[in-house]
Amino acid sequence: YRENEDETGSAVFSFQMPLFGSEIQGREQINRVMREVKQLALKDRDDFFQKVQEVKEAGYEDCGNWFKTYGYSNLYVGEQYISFYCYIRTYDGGIRPWEEAIPLTFNRETGKYLTMDELFTVNRNAYMKRLSSAVYKYAELSGEEYFWNEGFDQNVLVKEFKPYCFYLTSDGIVLCYGRYEVAPGAAGDPAFEIPYTWFEHIFIGE
């Protein structure tokens, strides 16, 4: 969707989400969620272009490079789970684009939307501490421990932990955090993949 299809350099809104076919038993429930996301996105599209119009009429700035994108990546289809990284990426002026993570994980058979609470054999407090400790280990091994050397609370991963902000891959679980939540803004939207082997004894695996 463009502000004006005949005008180059216009503000752009885009939407791309997956739908699943007959090989996925829980497809009806999963696809229903996808269609609900689309309806929310279309409302967001209208609000986005309304803001573009208001800014242009006020003469504040050129909105030709503004955009909002609903997209996804890292689609994983396993024996039990379907999981992928969904995001809303926006630029509407300022220094840099913003991205909001809305990753989704479903039971492949039933189509039920899952949080981490349904994936572990221990309670949230226990798996949260285990995964958070793993992130610090990950950062140390990858040389990214500087994230927490600029005055950030050493317990920030637990404080900012969200049981729905993750997705699965063939190798592990990816924890997603928003900009400024656990690291300086220059770090963007940090994501940390923790191998299944680090927590397999508490995970309801494939």
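**Entry 1. Aromatic pairs.** I looked up the aromatic pairs and found that the structure holds 20 of them. I note that this is a predicted model.

**Entry 2. F20 and F84.** I turned to one pair, F20 with F84, whose ring centres lie 6.2 Å apart. The angle between the planes is 40°, and the pair is tilted. I then asked where the two residues sit in the chain. F20 belongs to the loop between β1 (12–15) and α1 (27–58), while F84 is in strand β3 (residues 81–91). The two are 64 residues apart, and their pair links distant parts of the chain.

**Entry 3. Y177 and F192.** My next pair was Y177 with F192, which is edge-to-face. I recorded 6.1 Å from centre to centre and 65° between the planes. The pair counts as edge-to-face because the angle is over 60 degrees. Y177 lies in the loop between β7 (172–176) and β8 (191–195), and F192 lies in strand β8 itself. These residues are 15 apart, and this pair too links distant parts of the chain. I found both Y177 and F192 buried.

**Entry 4. A cluster.** I asked which residues form one aromatic cluster. The members are Y81, F120, Y127, F161, Y196, F199 and F203.

**Entry 5. Charges over rings.** Finally, I looked for charged residues placed over aromatic rings. R89 lies over the face of Y87, at 4.3 Å from the ring centre. K137 has its charged end over the ring of W198, 4.5 Å from the centre of that ring.

Notes. Residues are numbered from 1 along each chain as its sequence is written. This is a predicted model: local features need pLDDT of at least 70, side-chain atom pairs count only at pLDDT 80 or more; totals for chains, interfaces and linings use all residues. Side-chain values use heavy atoms; hydrogens and water are left out. Rings of Phe, Tyr and Trp (its six-membered ring) pair if their centres lie within 6.5 Å; planes under 30 degrees apart count as stacked, over 60 as edge-to-face and the rest as tilted. Helices (H or I, at least four residues) and strands (E, at least two) are DSSP runs, numbered from the N terminus. Buried means under 20% relative accessible area, exposed over 50%, partly exposed in between (1.4 Å probe, protein chains only). A charge sits over a ring if NZ of Lys or CZ of Arg is within 6 Å of the ring centre and within 35 degrees of the ring normal.
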